[in-house]
Amino acid sequence: MNKKQFLDLGKQPIANGFLHKEEINNEFFFNLKVGFDEETKLVTQMEYVDPPLMFNENYAYRGSMSETMRTHFRKLSHQLQIENGHRNPNLEILEIGSNDGVFIKNWSPKNVVAVEPCKNFADETRALGYTTYNKFWTTILTETIKKQHGKRDIIFAANCICHIPDLDDTFTAVASLLKEDGVFIFEDPSLAGMINNNSYDQIYDEHPHIFSVIALDNILQRNGLQICRVENLLVHGGSNRIFAKKLGSEIDETVEQNKVYERILGLDNFETFVRFAKKVRQSREDLIRILVRCKNEGKRVISYGATSKSTTIFNYCEIGPDLIEYITDTTPNKQGKLSPGMHISIIPPNGGIDDSIDCVYLGAWNFIEEISKKEKDFVDRGGKFITHVPIVKFI
Ligand code: TYD
């Protein structure tokens, strides 16, 4: 790689490392610096955090915590199960990073092999009857899986491939376990979405890379795969669902369309990211200004969704309990803990936003539709959401 740095997001903790007061003194921090690889056009961190520090038996993020994502994976599963108008009950699936089973629960356990490095979730899907390897995805692991279960028709991964530092090993492993006409389907937040939304909070320890179609195709191709189709999704502020097959497969027009669009955005050009970094610094100033203004006016401000994204924001902008009173989150194992780095308390929503709250920063801005619906009373009584996406503003 020939990486050139364009952004420094400062000292950051483990983004999903929610902790108790007694653990504060042992909290792990690293320097979050982001670069551009001139060779592959990949946007990637300058140094990666060691995966076991993030993905272990205490992993907090649950894919099934929003109705939006449960519906998203249900629809995709149904779409994949129908072939030529008929349901195909025999497709052999493997999921990399199966989390709490939000995708595989739509499939029969007899056809699924799951791989999940976080033991808490591997135990959970195993208990539901799904064969689950509590391992990181590597070429070594695929040799074992190949012997025990054979090659797969579909290898799936959602919000997982961008978590893995070594993409060459990852894609070689996929190519070796895919049947000749098999398809590798994976989705992750898109670089185009991040640039358009100025959502620099997509960058945190677990996202060593933010993918463009251009960069992905470059890396897939040197590992025996190629992109055959791209679907642009609205989830997570703009994601791409990539369909990749063995080299020499048919390619549809969406691949070139996406690459042309990305070239227009300048995603293959370092200077684009230098300009992006300038906008990020501006966004930080604007967010601090708006929160300080609220505080000076005596307004009560909280945050909604203890997200990994807000770990980046709060630590980069140095926003702590003086500006955000507390965070609400529906995830039981985040509640009663402190947010990583800035140590803001996390509490359960208890049926909605407290009546005396004036403003709510959207840590989970990507679920704004679901949240606005749920918090209609807050909106109706004149409560204001605050977001930094795509610019800092009240909603
Ligand atoms: P997500 O945006 O996927 O987080 P990340 O940045 O970590 O990838 O997660 C949304 C978080 O917000 C998750 O912890 C659940 C929480 N949440 C609520 O508390 N209430 C809600 O209504 C929704 C939709 C999410």
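How many residues apart in helix H2 are glutamate 67 and arginine 70? They are three residues apart in H2 (residues 67-81), and so are separated by about one helical turn. This is a predicted model, in which local features need pLDDT of at least 70 and side-chain atom pairs count only at pLDDT 80 or more, while totals for chains, interfaces and linings use all residues. Residues are numbered from 1 along each chain as its sequence is written, and side-chain values use heavy atoms, with hydrogens and water left out.

**Salt bridges**

- A search of the whole structure finds 24 salt bridges, each being a side-chain nitrogen of Lys or Arg within 4 Å of a carboxyl oxygen of Asp or Glu.
- Glutamate 67 forms a salt bridge with arginine 70, with the closest N and O atoms 2.9 Å apart.
- Glutamate 67 is partly exposed at 38% relative accessibility, on a scale where buried means under 20% relative accessible area, exposed over 50% and partly exposed in between (1.4 Å probe, protein chains only).
- Arginine 229 and glutamate 231 are joined by a salt bridge of 2.7 Å, N to O; arginine 229 is partly exposed at 31%, whereas glutamate 231 is buried at 18%.

**Helix pair**

- The axes of helix H5 (residues 167-177) and helix H7 (residues 213-221) come within 9 Å and cross at roughly 65°, where axes are lines fitted to C-alpha atoms over the stretch in contact and angles run from 0 to 180 degrees between N-to-C directions.
- Leu167, Asp168 and Phe171 in H5 meet Leu216, Ile219 and Leu220 in H7, contact meaning heavy atoms within 4.5 Å.

Technical notes:
Helix = DSSP H or I, 4+ residues; strand = E, 2+ residues; numbered from the N terminus.
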